[in-house]
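Please look at the model shown here, beginning with the whole chain and ending with a few single residues.

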Amino acid sequence: MRLRNWFIRNLDDIQREVIIESIEKNIIVQGMAGSGKTNLAIHRALQAKNNGTYAIVIMTVALRRMIAYGMKELGLDSERIAYEWAWMNRGFDLEGDVYCVGHKVKEESGSEYTVVDDNSVLYLVNGNNVRKFRRTSYKFIEREKAFGIDFADWVGNAFYRAWGRRASLFEEVPMDYDFSVVETDKYCLVPSGTIYKPIEPFIDYMIIDEAQDFNISDYKSKFIKKVKKSISLLGDSNQKMLSSGNSMQQLRSAFPDYKNFNLKYNYRLPKAIAKVAQKIVENDLDLLSDNLKAGGNSDFPNYPKPIIKKCNSREDEIRWIVNLIINEGLDDVAILVQNKNDVKEVVSLFSKNGINDVQTHYRTGSIAPFHTVNTLDFSNNDLPCILDYYAAKGTEFDYVFVPFANEGCVGKRNDFFVACTRSSHSLYISYSGVRTSFLNEVNNDDIVEYK
């Protein structure tokens, strides 16, 4: 994903209306895929920066990384982003891997376990940046200076015994010596460890992106009660993927006093793809009239028509994708599939076909013990990104492949729509059974189909 291309610096008139609206006002912003909603969420945070405390609340890991980039571009604290669950239970997650002072013990059976030698110190490693945290208590630290540790997954008992889960407090202290994770005899990685900053009991400004995937009752019971000044909701009903969510119209009805904005223009999706994407959803969606991708000159032949390919098997689909990536030297590539099991399958098939280095995010199991694989690094466009549709919300890539597009295998219409609208240049859809009926309304003149 080309982060610099994704982040909008020159706003159009309607986008500008949003960011000049007083940060003290509650607002609802509706916008189609590629209209700049996430960018506006970040700009809204910039308005809040000098007026009080603020938070951007989101749903997905991938979106968090994108927003963090945009916040850094505007000089904002990139750690003022919280997941919905974390907002209620934890706080703002800090970026990096957590290490402790400890050593590993190998048993005769060959299995290993970790012994925590010092439970008073933790290290957060983010590239070349290392931060040090020392255990403390509320008796000796102000709340705004406190940090905690949590675990995204199941971890060994040694880590629970050392700190509990969200049960220990730490304060950040200066690094007083060089730290090296290669000193395996001294430092141990805390698997799935997360150092977080507890959220304030009340916050001045809340900005929620992908607002359509949150529930009105949760807004009223969990979010609004904690907001002292204003809340900003940004979303798109056509991208609602959670059954528990509410459409933007329902949000407007629930909060009639919020000022409404409708973003008009699409900057991401080429017209060549928009012709196909607008036929996927059931309502009469127009992605062409106000399309400003490439200044409005993004139809065929300036941009390629989407390709739909029939293959003999799922493995043949992935082999076709791998060959295209290698033979045509494609970068900034995403392979988007319906669920986490599909993600694992694609990762395995990529490896089988000679591509071992990929960006991805999935869990290896549904119950303990399990582990989250997260190798997302949107700054490296050379590595293909493999995600499920939901995790890809808010992202964009030059080349998007949507394999396994069989009838009954692509989720709901909105799910499939989200996947197909992540592309800023080329879209490839493949299947090996009966093609999804979500493509039945597509005009044959608008695609290139291989059977």
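The protein carries 57 positive and 60 negative side chains (Lys and Arg count as positive, Asp and Glu as negative, while His and the chain ends are not counted), and the centres of the two sets lie 4 Å apart, where the place of a charge is taken as NZ of Lys, CZ of Arg, CG of Asp or CD of Glu. This is a predicted model, in which local features need pLDDT of at least 70 and side-chain atom pairs count only at pLDDT 80 or more, whereas totals for chains, interfaces and linings use all residues. Residues are numbered from 1 along each chain as its sequence is written, and side-chain values use heavy atoms, with hydrogens and water left out.

In the protein there are 12 helices and 22 strands, which are DSSP runs numbered from the N terminus (helices are H or I with at least four residues, strands E with at least two). Of the 451 residues, 56% count as buried, meaning under 20% relative accessible area with a 1.4 Å probe and protein chains only. The C-alpha trace spans about 70 × 60 × 35 Å along its principal axes.

Because its relative accessibility is 3%, E210 counts as buried. S192, in the loop between β10 (187-189) and β11 (193-198), also has a positive phi, near 60°.

Finally, a cis peptide bond with omega of about 15° joins F300 and P301, and P301 lies in the loop between α9 (271-277) and β15 (307-310).

Definitions and conventions. Buried means under 20% relative accessible area, exposed over 50%, partly exposed in between (1.4 Å probe, protein chains only).
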